[in-house]
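Hi everyone, thanks for coming. Let me put the structure up on the screen, and then we'll walk through a few places in it together.

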Amino acid sequence: MNKTERHLAITLELQRSKTLRAEDLASRFETSVRTIYRDMQALSEAGVPIIGAPGQGYSLMEGYFLPPVSFTVEEAVSLLMGADLIEQRLDHTYASEATSAQHKIEAILPESVRNESARVRETMRLLHGSDALTGETVKTYLKQIRSAILERHKIRFMYRKKMPGLDGNRSNLREVSPYGLSLLHEHWVLIAHCDMRQDIRHFRLSRMTELQVLEDRFLLPDGFDLSEYRPPDDRNERVLIRANPEIADKIIEVVNFYIDAIEDHMDGVTFHFRVRHTEELLHHLLGWGGDVQVIEPESLRLRIQEVAKNILKHY
């Protein structure tokens, strides 16, 4: 990075942050503090209204805004494809704003950059799964939940679990404090504190019905940061199977999340899985048919026998 590029980058950093120390800028741009002092002097002489507060750092005078800067082809493609993703996956409010942002970005691009970025984008395509029955409902819920998170309102909904509970029911009423949303494996997931479980739980939006935003409010716990949040790994059930080597790649592709270890043997490939419930693997194992054999646990072997007998009754 030459001096001119560094001066522009420093101005952008100051515009983005309220106050930055010379030490922070030196670390950011991998240069010396003395060089940063000289940069600040040069920017001030060039008319950039920089304010220096001893012991606090540098900031820009309130109201100063750097005029639009040019984009490289790669930067333009990144922004435009990011807008494509937002248009596809967020609710209608952000979808329309993403389209508007695309038009503004394209309008300020030099013709050569605009044409080249269009050519690059034609070589790439963003695809995602879509559920025709729940797609629009999920987007509607996404907008309501996003608003509830920002306004700190609790929400209530009926939730259909993947596995039946001890009472045999799959659906129950939940009242939660919504902390954040995450797009995981093509599905929007709500991270929230559940009043029923008295702990943080994850809820897939496509399994929700009868969503209500409540008047009751909540406080976000001190120190909670969605970007740093990592759910505990509660996959405590172990499953061991032996598979035909010809479908090993398919198994890795479909259930990679559950795989703990893989071993190659003369008589096949052994997969070690960790799951929350053995039923999570059941339909996969049935789909692979005679190309896989469950070694353990015995309860899963018996469950597969039971399902296979029920299937046989129909044929």
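To get us started: in which strand is the place of His153? Have a look along the chain, and keep in mind that this is a predicted model. The answer is strand 3, which covers residues 153-160.

Now, is His153 buried or exposed? Its relative accessibility is 15%, and buried means under 20%, so His153 counts as buried. Who is around it? If we leave aside its neighbours within four places in sequence, His153 is in contact with Ala148 and Pro178, and also with Val213, Leu214, Glu215, Asp216, Arg217 and Phe218.

Next, please find the hairpin. Strand 1, residues 50-53, pairs with strand 2, residues 57-60, in the antiparallel sense, over 4 bridges. Gly52 stands opposite Tyr58 of strand 2. There are 3 residues between the two strands, and in this hairpin Gly55 takes a positive phi near 85°.

Last stop, a pair of helices. Helix 9 spans residues 279-288 and helix 10 spans residues 298-312; they pack at an angle of about 50°, with axes 11 Å apart. The two are therefore oblique to each other, and their crossing is right-handed. Which residues meet there? From helix 9 we have Glu279, Leu282, Leu285 and Leu286, and from helix 10 Leu300, Arg303, Ile304 and Val307. Sorted by class, that contact has 6 nonpolar residues, 2 charged ones and no polar ones.

That's my tour, thank you!

Notes: Residues numbered from 1 in each chain as written. Predicted model: local features only at pLDDT ≥ 70, side-chain atom pairs only at ≥ 80, totals over all residues. Heavy atoms only, no water. Axes fitted to C-alpha atoms, helices over the stretch in contact; angles between N-to-C directions. Parallel < 35°, antiparallel > 145°, perpendicular 65-115°, else oblique. Left-handed = near helix turned anticlockwise from the far one by under 90°. Contact = heavy atoms within 4.5 Å. Nonpolar A, V, L, I, M, F, W, Y, C, P; charged D, E, K, R; others polar. Pairing = 2+ DSSP bridges. Buried < 20%, exposed > 50% of the residue type's maximum accessible area, 1.4 Å probe, protein only.
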